[in-house]
Amino acid sequence: MNLTISKGYISSDAGWFMDVFHVKDAHGNKLTDQRVINYIQQAIGTPTREARKAKPCTSKQMLESQQAEAHSDQHTAIEMTGTDHPGLFSEISAALAEMHCNIVEAHAWSHNARLACVAYISDQSTDSPFDRHRLAAIEDHLTTVLRATTSPAAQVKTAAGLREAEGTMMTSMERRLHQLMLSVRDFDRPSRATSRVSPPRLGGDEGRKKGGVWIESCSERGYSIVSVQCRDRPRLMFDTVCTLTDMQYVIFHASVDSREGYAFQEYFIRHVDGCALNTEGEEERVINCLEAAIERRVCEGVRLELRAKNRVGLLSDITRVLRENGLAVVRADVATQGGKSVNAFYLRDVSGKDVDMDFVESVKREMGPIDLAVKNEESLMPMASSDANQRSRFSISGMLKSQIERFSHNFVAIK
């Protein structure tokens with residue numbers, strides 16, 4: 001619902017629990033809309049007379065959530081995982097276009113040279129789900145693409161295979177992406193010498209910290225205490241809680257707080273078998289997985305938003321232009337709304353240099369009616385200091401100038 005948790009307390013014992021969350025809306029204001037409050041009561045499952053009588057709220061977030069849930073019945077779900085490289089998302093988009101697939105919705109995350117993608121597709125000619133024979137052909141083709149360019153461990157699962165995974169179709173899109181990234185071990189690194197989530201020195205037992213996550217023992221109560229300190233951002237608690245849950249740990253008590261742009265989280269956990277973390281290796285894995293969960297949404301680059309009349313192959317065309325001009329897609333959110341394709345791409349330069357933001361005005365001048373929304377993405381890691389004259393300067397207008405004309409008439413301005 002796009003609410004921000006500024007503070008929270010979690011406690012459970014003897015089969016009872018009490019969770020307290022201090023929340024604000026996306027603009028930092030107190031919730032006053034009774035429809036939203038009623039919807040929260042319904043969604044969490046607390047039956048009240050008002051909640052039972054309440055009608056579904058018509059806010060944008062709730063409608064988008066309902067539309068996303070409908071995709072699971074109206075279209076074919078497909079999941080892809082593998083070793084990432086610049087241009088892989090473009091290659092996947094091209095492969096789907098070759099198979100005459102209409103991409104209704106797609107979300108992709110790239111982290112630590114791993115890629116996870118979840119998409120809803122339909123038949124180009126009928127806009128309906130595929131039969132088993134077509135699904136098998138699509139799965140084989142995508143598997144060939146992924147394994148030819150990444151590794152034999154790449155996987156593709158379509159709706160038939162997904163139904164065999166318990167709870168998959170009931171899992172939220174973002175949580176499923178976390179699970180997929182966990183399955184391809186994006187938490188593995190060649191070196192753990194530095195961490196992108198390292199907080200400033202805030203006191204405490206610095207020797208026991210590893211990056212922004214560290215673990216202590218509460219042996220008298222049989223808990224392990226997991227502490228997280230890092231730059232605050234939306235959905236941070238969602239990411240850490242989902243990761244602990246998917247790793248088969250139960251949170252019995254917790255406190256979360258946010259001050260001056262930093263988040264402070266403390267979780268008292270046990271494994272589902274009732275035991276605390278017993279070995280150094282187990283602690284190391286929990287730390288690595290939590291750091292990876294925190295980092296997955298962090299994109300050091302720019303966010304590019306555009307809207308166009310939807311058609312088969314549009315996503316392939318857009319991502320190919322980006323790839324051919326040295327931009328890697330590290331995160332993508334693609335959706336369709338009323339015949340329009342709404343795309344958000346998080347981009348970085350494949351050379352590792354900064355993408356200059358001064359190109360926005362030149363885009364508007366040179367491309368006329370095409371209005372691209374572009375903004376910097378904040379990072380959890382402070383940007384390294386460097387001479388401004390040494391920063392690579394990049395013009396998006398130059399990137400799109402020669403290639404965009406063939407489908408530019410399909411673009412409309414983002415309001």
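User: Which residue in E10 stands opposite Val250?
Analyst: This is a predicted model, with residues numbered from 1 along each chain as its sequence is written. Local features need pLDDT of at least 70, side-chain atom pairs count only at pLDDT 80 or more, totals for chains, interfaces and linings use all residues, and side-chain values use heavy atoms, with hydrogens and water left out. Helices (H or I, at least four residues) and strands (E, at least two) are DSSP runs numbered from the N terminus. In E10, the residue opposite Val250 is Arg270.

User: How many bridges join E9 to E10?
Analyst: Two strands pair if DSSP finds at least two bridges between them. E9 is joined to E10 (residues 262-271) in the antiparallel sense, and the bridges number ten.

User: Which residue in E9 is the bridge partner of Gly8?
Analyst: E1 (residues 4-13) pairs antiparallel with E2 (residues 16-24) over nine bridges, and Gly8 stands opposite Phe21 in E2. E1 also runs antiparallel to E9 (residues 249-259), with five bridges between them. In E9, Gly8 has as its bridge partner Val256.

User: Which strands stand at the edges of the open sheet?
Analyst: The six strands of the sheet follow the order E2-E1-E9-E10-E8-E7, with antiparallel pairing. An edge strand has a single partner, so one side of it is left without a neighbour in the sheet; the two strands placed this way are E2 and E7 (213-218).

User: By how much are neighbouring strands of this sheet turned against each other on average?
Analyst: Angles run from 0 to 180 degrees between N-to-C directions, with axes fitted as lines to C-alpha atoms, for helices over the stretch in contact. For neighbouring strands here, direction is ignored, and the average is 20°.

User: What angle does the direction of H8 make with that of E10?
Analyst: H8 (residues 236-246) packs on the sheet and is in contact (heavy atoms within 4.5 Å) with E1, E2, E8 (223-231), E9 and E10. Its direction and that of E10 make an angle of about 15°.

User: What angle does the direction of H9 make with that of E7?
Analyst: H9 (residues 280-295) packs on the sheet as well, touching E7, E8, E9 and E10. Between the directions of H9 and E7 the angle is about 140°.

User: How many of the eleven residues of H8 are buried?
Analyst: Buried means under 20% relative accessible area, exposed over 50%, and partly exposed in between (1.4 Å probe, protein chains only). Among the buried residues of H8 are Leu236, Cys242 and Leu244, but also Asp239 and Asp246. H8 is mostly covered, and its buried residues number eight.

User: Is Met18 buried or exposed?
Analyst: Met18 lies in strand E2. Its relative accessibility is 59%, so Met18 counts as exposed.

User: How far apart in space are Gly301 and Leu347, C-alpha to C-alpha?
Analyst: Gly301 is in the loop between H9 and E11 (302-309), and because its relative accessibility is 15%, it counts as buried. Gly301 and Leu347 are separated by 46 residues in sequence, while their C-alpha distance is 5.5 Å.

User: What is the relative accessible area of Thr81?
Analyst: Thr81 belongs to strand E3 (residues 76-83). Leaving out residues up to four places away in sequence, it touches Leu115, Ala116, Leu146, Ala154, Gln155, Leu180 and Val184. Thr81 is buried, and its relative accessible area is 5%.

User: How far apart are the closest N and O atoms of Glu305 and Arg303?
Analyst: A salt bridge is a side-chain nitrogen of Lys or Arg within 4 Å of a carboxyl oxygen of Asp or Glu. Glu305 is partly exposed at 21% relative accessible area, whereas Arg303 counts as buried at 17%. The two form a salt bridge, with the closest N and O atoms separated by 2.5 Å.
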